[in-house]
Amino acid sequence: MNKPAWIHGRRLEWLGTATVVAAAIWYWLQFFNRNTNLLDEGSTAAQAMRVVRGDLIYRDFFTVVTPGSYYTTAWLFQLFGEHLIVLRWAALITGIGILIATLLITRPLASWPFAAGAALLTTVWGWFLCTPNFYSLEAALFGLTGLAVFLHAQASANDRAQRQMLVASGVAIGVTAMVKQNVGTFAAIALLLSIWLTAIFDSTIDARRRLRETVAFIGGICVPVVPTVAWLVAAGAGPY
């Protein structure tokens, strides 16, 4: 008995996805054996080491971005040792996460070859940041996670589940802002605008429902942002 064509197609798609992921991993591995770049990789590692030793970002040293990636790197250094290879493995894993998130977001909107192509483009972009500009990579991963959850929320017919997913999406975008402020801000503005601008496709505009969605999303953003800012101010980083 012949198997249905959709089963054969799904197997080919999974095989293709595995091939794309393997190619991306190989691509990322090409930059492991090299010297350091003091501008991004070196500064990220140095500032993370200061965090490990008890310094507080914005009080004891300054950086132009929000603190998330430095504390992520400091935590990894505490677990695996203060080595650049730890940061490079973190960049690789984050880059693969970005690829998979892009594929999952794009696949319902496009055929598999186009979704795979979009995912591979994120790998090329990530490789250009292989110094690595780790905060950009980490922000991209959290931002894409927030977008994926947001899209699932908009597709949900259950109001309660939708609001819960919007809160979760807001949390991911809030974390994005705490990793790289401009990426989180742009993502938050874009998703908030989409809540209201999609009203043009409705026969009647339900402003109350959209206001509830807005409140849920903003509430989620506040979950990581407000405690982080309050902690930094209370710890003496307020002037910055």
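So, helix H3 runs over residues 68–80, which is 13 residues. From its first C-alpha to its last it reaches 18 Å, close to the 18 Å expected at 1.5 Å a residue. The expected span here is 1.5 Å times one less than the number of residues, and helices are DSSP runs of H or I with at least four residues, numbered from the N terminus.

Before I go on, this is a predicted model: local features need pLDDT of at least 70, side-chain atom pairs count only at pLDDT 80 or more, and totals for chains, interfaces and linings use all residues. Residues are numbered from 1 along each chain as its sequence is written, and side-chain values use heavy atoms, with hydrogens and water left out.

Back to H3. Which of its residues are buried? Gly-68, Ser-69, Tyr-70, Thr-73, Ala-74, Leu-76 and Phe-77. Buried means under 20% relative accessible area, exposed means over 50%, and partly exposed is in between, with a 1.4 Å probe and protein chains only. Remember that an α-helix has 3.6 residues a turn, so residues three or four places apart point the same way. Just after H3, Gly-81 takes a positive phi of about 100°.

Next, salt bridges, meaning a side-chain nitrogen of Lys or Arg within 4 Å of a carboxyl oxygen of Asp or Glu. How many are there in the whole structure? The search finds seven.

Take Arg-107 and Glu-13 to begin with: their closest N and O atoms are 3.0 Å apart. Arg-107 sits in the loop between H4 and helix H5 (112–128) and Glu-13 is in helix H1, so this pair ties together parts that are 94 residues apart in sequence. Arg-107 counts as partly exposed, at 30% relative accessibility.

Then there's Arg-88 with Glu-41, at 2.8 Å, N to O. That pair also links distant parts of the chain, with Arg-88 in helix H4 and Glu-41 in helix H2 (residues 38–52), 47 residues apart. Buried or exposed, what is Arg-88? Buried, at 5% relative accessibility. Glu-41 is buried too, at 0%.

Further along, Arg-209 and Asp-206 meet at 3.9 Å, N to O. Arg-209 is partly exposed at 21%, and Asp-206 is partly exposed at 34%. Those two belong to a salt-bridge network that links Asp-206, Arg-209 and Glu-213.

Last topic, pockets. A pocket, on a 1 Å grid over the protein atoms alone, is an open set of points where a 1.4 Å probe fits, with protein on both sides within 12 Å along at least five of seven lines; lining residues have an atom within 4 Å of a point. The volume is the space filled by probe spheres set on the points.

The largest pocket comes out at about 240 Å³. Which helix gives the most? H1, with five residues.

The second largest pocket has a volume of about 150 Å³. Its lining includes Leu-104, Pro-108, Ala-148 and His-152. Here H6 gives the most, with three residues.

Methods
Helices (H or I, at least four residues) and strands (E, at least two) are DSSP runs, numbered from the N terminus.
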